[in-house]
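Biologist: I'm new to this one. Could you put it on the screen and walk me through it?

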Amino acid sequence: MRAGAIWALVLTLLLAWPAAAQPARLALGGSALTEAPQGWWHRLFDPVPLRLDMALDRPVQWRAFLVGDPARLVIDLKGVDLSGQDPARLFGADLAPAIRWGSFREGWARVVVELPGPFRLHQAGMRTDGPETRLQALLVPVAPDDFAPRPSAAAALRNLPDPADVPPPPPRADGMVITLDPGHGGFDPGAQADGETEAALVLTFALELRRALEARGVTVAMTRDEDVYVRLEDRMTAARQAGAHLLLSLHADALPQGQAAGATVYVWNSGANARASAQLALRHPRDDLLGGLDLRGQDDALALTLMDFARTDTQPRSEAFARLLTSRMALRGIGLHGRPVQGAAFSVLKSPDIPSVLLELGFISDRTDLANLTDPAWRAGMVEAVAEAVTGWWRDEGARATLLRR
Ligand SMILES: [Zn+2]
């Protein structure tokens, strides 16, 4: 009997666990802002009453109240993730001057509906009797003098960001596939300084970047997600097999003290002989990094022509991503190398059919760069910069594809 009770408890905990771990989601398609011209008031007032109806996949803690200047309805929802949901796509969003939402505090989401005049919160409740949980708020227009923001509203908002500051959800890149390629690994630690290895630092960064990109709807393939060695050719093959739209290699190499600091972005340039890239190349087995084009068994001239033809399409797209990347990094105050975009003949960049970019996050040989690379806060900023560049690039790719179809 006692064992049975313990098992019942364990089962209860197991059943409760996934629900508690996963944030609740808003079903945007089942949610709406509508006019509710019911009752006697609709003949007396203009505008008509409004009903906000939000469908959630499970009940959550919530609160709703009005604030003034301008009149707004604020709804706070505990444990709800609204990221990736665009408030402009809520049915009836145009009935309100503005609707914003986002997370405003750990574990809480805030919905702010700017109202087209003074209203009273006539009714608000959460219905859990249907297949979905529905949070409904009925707003009735009132005369300006009768508009009464909740007395405690000011207190409720104190110490919290102003509702107007609710950040918009980050742009998404649904349908995009990216291959992240953390350099080195296994018996090849890459550059080393102060007990840190390039292989471990870029893997940590890649895993953090993967989470951020997946949250934006990007499908992320990895050439490695653990400390193993992967040959350069296999890295490109992995990108091709994943159907990647973009290959992003991540490094944090070393150069002699004082020669290099800050992030640098490399795109393919077969003729590049820049000092830095030549020195980087010397650090790696020559056949591996500067592998050159593998033309065995090919008619050299024909193969080169075919590759150049493919590259006339991919090269500008690689360069476009490189430019977006450096501009997003600059906007976030991330230190850039003196010449942030460079051409290099790194063989991981030589795929003629996949836009490919190599990002040196910094130089492990530089004290500031190494401190940045080991600082989670700095990495979070860099992750955001790269994620913004990826979603921006995907948006531009969509525009380019539309132009090509015309
Ligand atoms: Zn490297």
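Biologist: Which residues have the most contacts inside the largest nonpolar core?

Modeller: Bear in mind that this is a predicted model, where local features need pLDDT of at least 70, side-chain atom pairs count only at pLDDT 80 or more, and totals for chains, interfaces and linings use all residues. Residues are numbered from 1 along each chain as its sequence is written, and side-chain values use heavy atoms, with hydrogens and water left out. A nonpolar core here is a set of buried Ala, Val, Leu, Ile, Met, Phe, Trp, Tyr and Cys residues joined through side-chain atoms within 4.5 Å, and buried means under 20% relative accessible area with a 1.4 Å probe, protein chains only. The largest such core has 45 residues, and those with the most contacts inside it are Ile 178, Leu 248 and Leu 359.

Biologist: And which helix gives the most to this core?

Modeller: Helices (H or I, at least four residues) and strands (E, at least two) are DSSP runs, numbered from the N terminus. With nine residues, the top contributor to the core is the helix spanning residues 376–405, H9.

Biologist: Is Leu 209 buried or exposed?

Modeller: Leu 209 lies in helix H3. Contact means heavy atoms within 4.5 Å, and beyond its neighbours within four places in sequence, Leu 209 is in contact with Leu 180, Leu 248, Val 383, Val 386 and Ala 387. Its relative accessibility is 0%, so Leu 209 counts as buried.

Biologist: What does H3 reach from its first C-alpha to its last?

Modeller: H3 has 18 residues. The expected span of a helix is 1.5 Å times one less than its number of residues. For H3 the expected value is 26 Å, and the helix comes close to it, reaching 26 Å.

Biologist: Which residues coordinate the zinc ion?

Modeller: Donors are N, O and S atoms within 2.8 Å of the metal (3.2 Å for Na, K and Ca), and water is not among the atoms, so sites may look incomplete. The donors follow the spacing H-x13-E-x52-H-x1-D along the chain. At 2.1 to 2.6 Å, the coordinating residues are His 184, Glu 198, His 251 and Asp 253.

Biologist: How many residues apart in sequence are the parts that His 184 and Glu 198 tie together?

Modeller: His 184 sits in the loop between strand E10 (177–182) and strand E11 (192–193), while Glu 198 is in helix H3 (residues 198–215). His 184 is buried at a relative accessible area of 4%, and Glu 198 is buried at 0%. The parts this pair ties together are apart in sequence by 14 residues.

Biologist: Which residue in E7 stands opposite Ile 75?

Modeller: Two strands pair if DSSP finds at least two bridges between them. Strand E4 (residues 72–78) runs antiparallel to E7, joined by seven bridges. Opposite Ile 75 stands Val 111.

Terms used:
Buried means under 20% relative accessible area, exposed over 50%, partly exposed in between (1.4 Å probe, protein chains only).
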